[in-house]
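Have the structure open beside you and take the points in order.

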Amino acid sequence: MRHYAGAVAIDLHTHSSASDGTEAPGVVVQRAVEAGLSTIALTDHDTTLGWEEAADAARAHGIRLVRGIEVSCSRRHQSIHLLAYLPDPSHPGLVAELARARESRDTRLDRMVGKMADDGIDITVDSVRAEVGDGATAGRPHIADALVTAGIVAHRDEAFRRFLGNESRYYVSHYAPDPVRAVELVRAAGGVPVIAHAWSATRGRVVADALVEELVSAGLLGLEVHHRDHTPEAVRHLTDLARSLDLVATGSSDYHGAGKLNRLGEHTTAPAVLEQIESLASGSVVVEP
Ligand code: AMP
Ligand code: FE
Ligand code: FE
Ligand code: ZN
């Protein structure tokens, strides 16, 4: 669904093998060109590892690249995702926080795999590590991939349903900053913080209006409104909320390659919204073709 049809199609949320997407950053960019997009943001979980390769590919393929991060946050055991557009990738506070989250993700992965192995599920830490790209952010999808490789499940979704969901006995959380701290850090790094998929298809409303307001006080600048996980009711609610709090409203696919059904460009962002994001950012710039 293109909410803003026309020559300029902008998708502001994608993942590569720098985190839990299944395609290299350059391949994601190539797929974006094939999908007819003029601009994409690469927003891997807790890392800027894919930026350089994606930037080279964007220049080579003639599309614009918005460099971003999807920052994992947590409050009272609830996981919240914060998109950060155009931050300074060398900001010491942000760099340290992302490194801390990635390290904790590694330990947590080992603990989840240990619990599963103790229960007779035939996977090892090595088999899961083999699914994680060099230096990439490790996550549950990589455990899912190891289960697929071992022939235990057919695809990631089955792995999540049977073994990896938030309610699973094998679930272990990882360190992630409070969203207020994350918003402040992203702003300190000159980035534009936007709450990702505030409603979940399975968990319902993830981010309460009161928390959105609290985050606005901390410097939040936007809400992802158009997203596969949002019901029509969620879209209406978030549209109104963005309007009343003077936040930018984005739309995006949350593409993970073959790891999820989400297709590039299935939701898009208005050109005027991207212009606003660019004018609010001071940490880095859009890569131009
Ligand atoms: P983690 O960040 O390690 O807790 O894992 C969460 C990630 O798993 C999300 O970013 C999604 O990309 C992915 N994920 C969650 N549910 C599913 C699912 N049912 N199928 C495929 N990927 C999923
Ligand atoms: Fe993901
Ligand atoms: Fe997310
Ligand atoms: Zn995402």
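1. The shell around ligand 1 is made up of seven charged, four polar and two nonpolar residues. Please keep in mind as you look that this is a predicted model.

2. To find your way around that shell, start with the residues closest to ligand 1: Arg 105, Arg 108, Arg 140, Asp 157 and His 256, out of 13 that surround it. Three helices, α3 (92-118), α5 (140-149) and α6 (156-164), each provide at least two residues of the shell. The biggest contribution comes from α6, with three residues.

3. A nitrogen atom of ligand 1 sits 2.8 Å from an N or O atom in the side chain of Asp 157. For His 256, an oxygen atom of ligand 1 lies 2.8 Å from a side-chain N or O atom, and for Asp 20 an oxygen atom of the ligand is 3.1 Å from a side-chain N or O atom. On its own, ligand 1 has 500 Å² of accessible area, and the protein covers 83% of it.

4. The model has 18 salt bridges, and one network of them links Glu 23, Arg 31 and Glu 34. Arg 31 and Glu 34 are both in helix α1 (residues 25-34), three residues or about one turn apart, and their side chains meet at 3.1 Å, N to O. Between Arg 31 and Glu 23, the closest N and O atoms are 3.5 Å apart. Glu 23 is buried at 15% relative accessible area, Arg 31 is partly exposed at 31%, and Glu 34 is exposed at 54%.

5. Finally, look at the salt bridge between Asp 178 and Arg 75, at 2.9 Å from N to O. Asp 178 is in the loop between α6 and α7 (179-188) and Arg 75 in strand β3, so the pair ties together parts 103 residues apart in sequence. Arg 75 is buried, with 17% relative accessible area, whereas Asp 178 is partly exposed, with 27%.

How values were computed: Residues are numbered from 1 along each chain as its sequence is written. Chains are lettered from A and ligands numbered from 1 in the order in which they are written. This is a predicted model: local features need pLDDT of at least 70, side-chain atom pairs count only at pLDDT 80 or more; totals for chains, interfaces and linings use all residues. Side-chain values use heavy atoms; hydrogens and water are left out. A residue is near a molecule or strand if one of its heavy atoms lies within 4 Å of it. A polar contact is a pair of N or O atoms within 3.5 Å; within protein, one must be able to donate a hydrogen and the other to accept it, and residues adjacent in sequence count only if both atoms are side-chain atoms. Accessible areas come from the Shrake-Rupley method with a 1.4 Å probe; for residues, only the protein chains shown count as cover. Helices (H or I, at least four residues) and strands (E, at least two) are DSSP runs, numbered from the N terminus. Ala, Val, Leu, Ile, Met, Phe, Trp, Tyr, Cys and Pro count as nonpolar, Asp, Glu, Lys and Arg as charged, and the others, Gly among them, as polar. A salt bridge is a side-chain nitrogen of Lys or Arg within 4 Å of a carboxyl oxygen of Asp or Glu. Buried means under 20% relative accessible area, exposed over 50%, partly exposed in between (1.4 Å probe, protein chains only).
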